[in-house]
Amino acid sequence: MNGSASITLAAFGLALTALAGCADPGRNACEFLPGQAACTRPALSAGTPGPQVAAAQFFGNTGTSDYESRFLALLAHNQLGAMDRANGTGPFGRNRRDVQNRDVQATYTTLQQLAGPVATPRLPPSGGNVGEGRFDGRWRVSRQTLYIDAAARPSAPKIFDFSGLQARSVEIVVRQAGKQAADIEGSCDGALVIRAGGGSRTIAASTAFRFRLSGANDTASLFPSDSLNRCNATIRSSLAQAGAPLAIRREEAADPALAAFDSRYQRCPVPDDASLDALERVFYASRWLSQTCAVPIGQPRLLRKSRDGFNAKVEALMGAPLSDAAIDKGDPELPLDFSRAPRLKLIYLSSLEFKADFSGRIIERLIRHHAALGTKVRIMVTDVLEREKDDAMLHRLAAEFPNVELQEYRWRADHGAPIDEQISQLHKVHHVKMLATLALDPARSRVIIGGRNIHDGFLFHQPIDLSRYPGLEQYGKTDGFSLNYYSNWSDFDIEFADPTIVDTLAAHLSTIWLRDADTNLARPFSIPVRSKGGRPSGNARHFISVPYEDSHALEDYFVELVDAASHHIQIVNPYLNLTPSLARAFDRALARGVKIDIVGRIDLKGDIGGKFLTALNKLFVEEYGDRINIREFKAPDVVLHSKIMMIDERLVAISSVNLNNRSFFHDSENGMVVLDPAFYARMKPVYDDYLAHSNPVAANVTIPWAYRLLFDDVWVRQAF
């Protein structure tokens, strides 16, 4: 992208954000831009000449690249959805032509043209070279949290890096994580706006500032100008005379290598369809789903046993696993030996939840070791599933080590969104599972993906006694809607040690880390280009799905995979609530003679909302029990949690994806898809082990009428 362009994608975002708020067609669009210094006339108008010229204007050059064009289509698609929600138009009932505003009508027309390609599930390959590119367009809202605890912070200087990469606006939320009032004072090399105590003030470069955080969770917001690269600050409490120094730096200026890493995208070679069979065409095709190019699978480690899965994370961080005796003891404060620990430059930990139990405390202590050495740490968890002690543990870690950056995901519905979207704010979750450790010695880098969360239920059969540790949470066995739930989960992960794969998957996760803070829209990671030779040598692709922002591309992908099956589909998955499109794909597969075998868990007692989930699984059994070989995983006191799909003894998908509506409509997901008979041969014993611990499911099931009535409502069914 042309960095010297005078008109950037920021103009596109500004114009569309303004018009997206026009629920009242007679209202000035600029009124919907809180925080803007001045009203900016929308760049889109009735005189907009067409989508290609508009694209060039928004990206700031006349030679908009194929990658930028794809991204622009995705942005336009999402802005069109935001306008429909705000105005109640399109799929929300009202005819778009009823909005009596010329600018809005012009914007609708232009957005429809720009977003047109998104209506086609697959992306046609473009010309040009394969390889990597860098994207530096300013398109997103960047919002990060700096946790402050005046009592907990050590006296050694600490550094917090904020990211303005690809950002059209930057906000640093400074949040009180401790109990003592904290005074923050300092100065910056550029202008800074501080919003605190109900007011805002602008601080000129090199001018001293000061603000206070008093009560628990008290916050202030900092808005650095584009020219601001560094602030030198001091944090003081009323109980300590000496302050703790803190540097606040612009990350892309302080660490250009990391900025280049975070800006990567791939140009993937796509072989000619005529040379491929149906399953190969689905595997190599590009779609609106964010995927990596195909890479050689190598020899990853298969982590079937619970302790193997946990110890793989421990070993990636500490250089050695914990002994069985140490785990059996269940002491979260046991001595840890870091003598063989790798020297890490970046740690990514993405999980549905990160609990303050034995597992969570051990992982937190391992991360703490690397944070003390200056390693950059990025943690993503789901806010609505974290309890008070979980939050306290993570907030304390981030407050003591500002190089540990924490994102607590919470989805927020657009203003004026319908009731089902308002309710979905309570249950949309971040479900991407990955631990990536990038070492100074690339041979010691690791990435682990699969289904496991940071929770003792993935390690111990029964809750261990943590009563000696008041800072940890005693999770127990419950049923129903309780965040204190505990089940022993049988799950599956896969670990990669190949430096290229580790590097690629971590860079892919960066697109989620650097997503738009308001919408959770993430930048696509790859585009297809025509292959100039034979088929690529790679046989594995990683995907990340944000279904409410990528037009449900993951659902399209799974439908295509099922449609490509010629004779056999084998599935391990506990949640069996198919979307209508997936159900039709299953029906088509069965009609053409494809055998489908499923190892599931019909009775999901112990999960959150277990009775509801069990009823949905029984509806699946009722529909397919006489056509599909359904077996129930019955290991003693263990609930199945693995997500594996294998097709025609050639393709294997290992992921976080449940076969329910949630995964395809609400939750972010990730996984690895491998097209390789040799890898299937490695996975077959894993599948056989699940099979050996399962029993046939009878097709005749009893489902209370109240559940049948409840799940007749589409949005209720989608919530599960």
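## The largest nonpolar core

The largest nonpolar core has 58 residues, and those touching the most other members are Phe558, Ile569, Phe586, Ile596, Tyr624 and Ile628. Helix α14 (residues 553-564) is the top contributor, giving eight residues to this core. The model is a predicted one.

Two domains supply residues here: domain 1 (29-119) and domain 3 (261-294 + 530-719), so the core lies between them. Nonpolar side chains tend to be buried together in soluble globular proteins.

## Contacts of Ile628

Ile628 is in contact with Phe586, Leu590, Ile596, Ile598 and Phe620, leaving aside its neighbours within four places in sequence. Of these, Phe586 and Ile596 are also among the residues that touch the most other core members.

## Another core

Ile423 sits in helix α12 (residues 419-424). Is Ile423 buried, partly exposed or exposed? Its relative accessibility is 30%, so Ile423 counts as partly exposed.

## Asn311 in helix α8

Helix α8 (residues 306-318) holds Asn311. This residue has a relative accessible area of 10%. The cut-off for buried is under 20%, so Asn311 is buried.

Which residues does Asn311 touch, not counting those up to four places away in sequence? They are Pro321, Leu322 and Ile327.

Terms used
Residues are numbered from 1 along each chain as its sequence is written. This is a predicted model: local features need pLDDT of at least 70, side-chain atom pairs count only at pLDDT 80 or more; totals for chains, interfaces and linings use all residues. Side-chain values use heavy atoms; hydrogens and water are left out. Helices (H or I, at least four residues) and strands (E, at least two) are DSSP runs, numbered from the N terminus. Buried means under 20% relative accessible area, exposed over 50%, partly exposed in between (1.4 Å probe, protein chains only). A nonpolar core is a set of buried Ala, Val, Leu, Ile, Met, Phe, Trp, Tyr and Cys residues joined through side-chain atoms within 4.5 Å. Domain bounds come from an automatic or database domain assignment. Contact means heavy atoms within 4.5 Å.
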